[in-house]
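Me: I'd like to go through the sheets in this one. Can you keep it short?

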Amino acid sequence: MNSTFDMMEYCAANATKKDDASFKKILTCLSDDNWRVRYAAAIALGDRKDPNAVDALVQVLDNEDKAPLFSQPKLEGGAHAGSNVPFSVIFPKGTTEATKEAWRRRGRLIQAACLALGNIGKTSPKALEKLHRYTTDQKCDYSVRAASCKALGQLASPESLPILEKATKDEEWCTSCEARKAVKKILK
Amino acid sequence: MQKPFYIDDLDALREKLSRAKRDGSLMGRVRDSVMRRSRNAPENFPWFTPFTALVTGEKKDIENAKESIRGYLKTLDPQTFGMGLQFHFWCFAFPHARWSLYFHWLCEMGAWDAAEEKKIKEELLTFQYINFFYGMRTKPEPECVDNQTMSLCFSNALLGHLFNETAMAKRMYDDGIRRLPSLIGGIPTSGYSGEGSTYMDYVVGPSIPFIVELLERTESGDWFCKSLPPHGGSAESVCRMIAREWMPNGLLLPWDHYGYVIPMRSCIAFAASRSEDPFYSELLERQANWSYDQSIGWGYDDLIWSLIWWPEKKQKRAKFASWHEPEVGAALVSEDSQLYLMQMWDESTPVYPTRAHVNPNSLILSAYGSPLMIDGVVDKKCTDFNFDDTWREVSYMDIGTSRKFNFGAGCGGAHSVILVDNWQGMRASKEYRQAEMIEFSQKEKSVMADVTPIYREKLSDVKMIRRRSRLCCERFWLIEDLAIFAEEHDVSARFFFRPNLIKSKQGVTLETNEGVRLSLIPIIGPDKKTCKTIKGYPERLDGESLMIDFKQKGKECRWLWLAWPEATRKINTDVSEGWQAVPDPTGKLEISEVKFDANAVEVPLTIPPYLQRDLPVVRRWWFKREINIPKETSWLRLPKQMLNLRVWLNGKELDVSEHKIRMNLMEPEIRIPDKLLGKKVEIVLCCDTGYSQYASDGNGGGGFYGKPVILVGQDAPGVEKAEYRDGMVIVKSGNQEFKVKHKLMDF
């Protein structure tokens, strides 16, 4: 299991297992150098619904909060969707590979971790704090805001209500829709 | 050879296409036009190459297809840094699914060595998982029912199915396939998604065959006719609505967002293969434009899928017919399909009506092949609908910047509707039933709808606002508007017509570039009006429109309109055959350098020469022939989409710049100078063609289409008398008099 693909596959293949060995291995993948592997691990942990993964997922969010995920300026270059015409983009001078990787993933890993926390259904104060912040943080992509609203609905903690009510007014439809659903779930 | 997905029997497909070629049928000619471009310029038509490889099985074609896929893979990483992939991922998901499908076809043909096959498969799957699985999980389930979610769910389900030996694929498949039925079932029973003809025809429609055939192959059963929860929508009803959006003038209804477009074909071909309704075959065999191309679901393979789904069965001829869908609108069509009226009352999106516009009882008229009214979107320069209360700024559509725009063109003021107290930014602020159809009669060709609720939301004293339209005597329309309030209000009946306004004694009269006139005369109700030219609305067709406001004030405001269309030109001679054609590979030739000699090929000027024969696929072409011009005032009608057209008559260049925008959608009719009437004239044309799917000047690979003819004038006497007396409308024009009983709407 050396390649990125193999490790992603491992996570997906063990997403419904219950054994400790694969759980531990997926947790290892959650801190892999390659974010694609971390992303696949977060999805798998959400599918496994094992509360023991909560702290590791929060750690992932901690790390993501420190990364320059949403700092990309508009870049020169681009092509039609589906095109096979070669093109390249021009990066600002000094852009490191680590930064490029952050720009590639933007909110993907956060989304996967948030949805995983929601799926697991058990939380921690730190996890809630993170989810509350993402819910209305306009610096995050809407995929993150919508995912955190959805997760808060699954977690159904009454203390999330004020922030979710605020999120129901989000300009972006997916976010406001998930926030409305979450509010309903909590009030039920 | 294993089994290429979606192609149950490859031998049968090959045989069908060979038979069509042998028979010289339309299907055969379309097949040839695709194969020619694919084989003669594979780098310009990458989307055609996998199909060509599949059909021929030849090494060179397989190599071309492999190169197309390799090229696509090279774009994946750079695309990651664009706002498109990051914020509009559905546009990338749908083409990614098809490139993956084409990769699979080549796998089934044994085209790759094991190492490359593994590498590409992993790359496609990884990209799908980190971008489109992620994208799909962003869209709320089950609330989000639109073309975006459909693209995302379909792509996950398809890749998941194609590569189901991997765990990631299975994971994507499970979530994708689970959501697909409710995306069809979430569309109302009318089949109209509310997103406008462009999205219906270019994304929703083309995705239907893929989804139905995927569901049938994986979940079994008939998924075409099945009515599905939550709203009872079905694939069949979507196809039926898309067919209904085709107008006899060759365009789709300019319904809701984007406006007039040229129809695509693959969804119609699929419906023709699955339904006994002969109208689908009518559209396919006789109405479709086979030279035009545009991306469907963000990929240029509409022709490919048209050929795959195209049934060989011969259907009897069908004609355009009136229709109604109580939730959304109705069309009244004359027996000869020359007169067409559509009245719409589909729900608009509350608060921000950017896709589903506010169009309560708005009208679209078309006569004698010419659209008469407009709808759609504004160009960037048009500020006429930038109402104070319709600005919006969002930060979720671009990287590193927010986007401020005005959605006024989606509001009531940009449509042919009744406006009260001049509230042009009219829109709903919450969900409710905005309109109701009151009556429709196929026999009487009459329709009436009540749109009171959307007015009453803001003005509580509104008692009734209704419009009734009738097609009378197969010759003209009667349109009646009634607005009743408890208090007095200013009421405008607003209409958006195509240019140009011509002089009239009563009401308004316009004449389109195709020489079709429309007189709109208030038989009942005041003729007090204002007229304004709106530059940039719509952004397509003429690039401008006439906004006419008829006004009155009161508690009960009524108009009864006569809408009287007339064709002022008729075809004199078909001049489509016998044009000498010369390619201009550099695009730099001057007219004096073009060699119309014995080497020039002779072709009909109906589609680009390289679609008809094995000729070089180049952008610029020159054409020449002599034509006897009649003695009377004459026009030369040319195919639409002759890009950057230049015309010389007897060596002298004509200024045809006024046709530039319009001829993207309509065949231009160019007036022949009077001094050439009655003479034999040498006509030289130079134009660019859609030579590439992705070159900036390639027009998506779509070429010109039409039939050159010479037109001459014909009598158009106009309306001499129009009145309402004793429950009867009396109209006199030339030596014809029409009497029509008309009972006025009451409250």
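Reply: Definition to start with: two strands pair if DSSP finds at least two bridges between them. Strands (E, at least two residues) are DSSP runs, numbered from the N terminus. This is a predicted model, where local features need pLDDT of at least 70. Residues are numbered from 1 along each chain, and chains are lettered from A.

Me: Okay. How many bridges join strand 23 to strand 26 of chain B?

Reply: Five, and the two strands run antiparallel. Strand 23 covers residues 643-649 of chain B, and strand 26 covers residues 680-688.

Me: Which residue is the bridge partner of B:Val647?

Reply: B:Leu685, in strand 26 of chain B.

Me: What is the strand order in that open sheet of six?

Reply: In chain B the order is 20-19-21-26-23-24, with antiparallel pairing. Strand 20 (601-603) and strand 24 (652-654) are the edge strands, so to speak: each pairs on one side only.

Me: And how are neighbouring strands turned?

Reply: By 30° against each other on average, direction ignored. The axes are lines fitted to C-alpha atoms, and angles run from 0 to 180 degrees between N-to-C directions.

Me: New topic. What about the sheet with three strands?

Reply: That open sheet has the order 28-29-30 in chain B, and the pairing is antiparallel. Strand 28 (721-725) and strand 30 (736-741) are its edges. The twist averages 15° from one strand to the next.

Me: How many bridges join strand 28 to strand 29?

Reply: Five. Strand 29 spans residues 728-733 of chain B.

Me: Which residue stands opposite B:Arg725?

Reply: B:Met728, in strand 29 of chain B.

Conventions:
Predicted model: local features only at pLDDT ≥ 70, side-chain atom pairs only at ≥ 80, totals over all residues. Heavy atoms only, no water. Helix = DSSP H or I, 4+ residues; strand = E, 2+ residues; numbered from the N terminus.
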